[in-house]
Amino acid sequence: MVAYVGLVSLGVSLPSMLCLPRIGFTKRRPFAMAALSDDPVQEWILTEGKATQITRIRPIGGGCINLANCYETDAGSFFVKTNRSIGPSMFEAEAIGLDAMYETQTIRVPKPFKVGPLRNSGSFIIMEFIEFGASRSNQSVLGRKLAEMHKAGKSEKGFGFPVDNTIGSTPQMNTWCSDWIQFYGEQRLGYQLKLAQDQYGDSTIYQRGQRLIKNMAPLFEDIVIEPCLLHGDLWSGNITSDKNGEPVILDPACYYGHNEAEFGMSWCAGFGGSFYNSYFEVMPKQPGFEKRTDLYLLYHYLNHYNLFGSGYRSSAISIIDDYLRMLNV
């Protein structure tokens, strides 16, 4: 899902999308301990976070769903996202995804520390603050590190994830399933097609999409599909580098799936030849890779259609129609 990240928010914004103003503030003086009961973020930082004072809070530009701030303290800096409109479930799912990726010890991700409710309403997540470098990550290193994560992160439960999460602001279902074609057909394409039908009354895209789902099995012939840990929303806004030039990936929509599905946002990720060459050195390309590429783009085009409207419909239905012709159904 296209969104802007700082470390930033789990987002739904596009370059053309109008975002609400971000409200931020800076405090130069340390916070008094008396304020702890009013702010669970400060309370955690000044207790479990091992800080004795917060010297500054500075806003970090980003997406349109969450507010993002860096808390500077005498124990280091913390990255904090807050949302006054939702409970902790979205941030809890994000933290579980970050933890899963972090535990592979492959590509760098911010380590989550704490998720909880805000006073009165809303929720927060506190995580490691990563100082970004001046440039985006090296494509070759990114490809290798991502492949190493896919290779290391496996599931014995099949395809899915311990919790449902979100792709942008769209719910993403992750009920465990032993069959990838069934999982992708029902919980990815099928869910988005039903949403388009319910939201727009678009029976055309729904019916054609269902025909594709029922007939897409030949696209997966002669390959072995293992459940790999996926970031799930890998576009350019969720990829950066740290100050040492090592790639960093952010704002995940994690699940265990076919590794090729990770490239579903490649239309706005800028992956080049060096990325794919390095990736396939670790995770070899499987037969029919090129035939499945657009199938994985389709999920994200459908999601953008459901989130942002008809501008993405033509791309989605064009992919569907191309596959129906290819499969002769």
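Predicted model: local features only at pLDDT ≥ 70, side-chain atom pairs only at ≥ 80, totals over all residues.

A note to myself before I start: a crossing counts as left-handed if the near helix is turned anticlockwise from the far one by less than a right angle, and as right-handed if clockwise.

**Entry 1: the helix pair**

With that in hand, I looked at how α7 passes α8, and I noted a left-handed crossing. I then looked up which residues make the contact. From α7 I listed K291, R292, T293, D294, L295, L297, L298, Y301, L302 and Y305. From α8 I listed R313, S315, A316, I319, I320 and Y323. Sorted by class, the contact of α7 with α8 has 10 nonpolar, two polar and four charged residues.

I also wanted the geometry, since two packed helices are described by the angle between their axes and the distance between the axes. Helix α7 covers residues 289-308 and helix α8 covers residues 313-327. I found that they pack at an angle of about 150°, with axes 8 Å apart.

The protein chain averages a pLDDT of 89, and 88% of the residues score at least 70. Where does the pLDDT fall below 50? I found that stretch at residues 3-36, which has 111 contacts in the model beyond near neighbours in sequence.

**Entry 2: the cavities**

How many cavities of 30 Å³ or more does the structure hold? I noted three. The largest cavity has a volume of about 50 Å³. Its lining consists of Y184, R188, L230, G232, Y255, A261, E262, Y296, Y299 and H300. Helix α7 turned up again here: α7 gives the largest share of this lining, three residues. Both α4 (180-200) and α7 supply at least two residues each. By class, I wrote down six nonpolar, two polar and two charged residues for the largest cavity.

Last, I visited the second largest pocket, with about 180 Å³ of space. It is lined by 14 residues, and the closest to its centre are A100, E103, K154, F161 and Y256. Helix α2 (residues 89-103) provides the largest share of the lining, three residues. The class tally for this pocket is eight nonpolar, three polar and three charged residues.

How values were computed: Residues numbered from 1 in each chain as written. Heavy atoms only, no water. 1 Å grid on protein atoms, 1.4 Å probe; cavity = no way out; pocket = protein on both sides within 12 Å on 5 of 7 lines; lining within 4 Å. Points joined across faces, edges and corners; volume = space filled by probe spheres on them. Helix = DSSP H or I, 4+ residues; strand = E, 2+ residues; numbered from the N terminus. Nonpolar A, V, L, I, M, F, W, Y, C, P; charged D, E, K, R; others polar. Axes fitted to C-alpha atoms, helices over the stretch in contact; angles between N-to-C directions. Contact = heavy atoms within 4.5 Å. pLDDT = per-residue confidence, 0-100.
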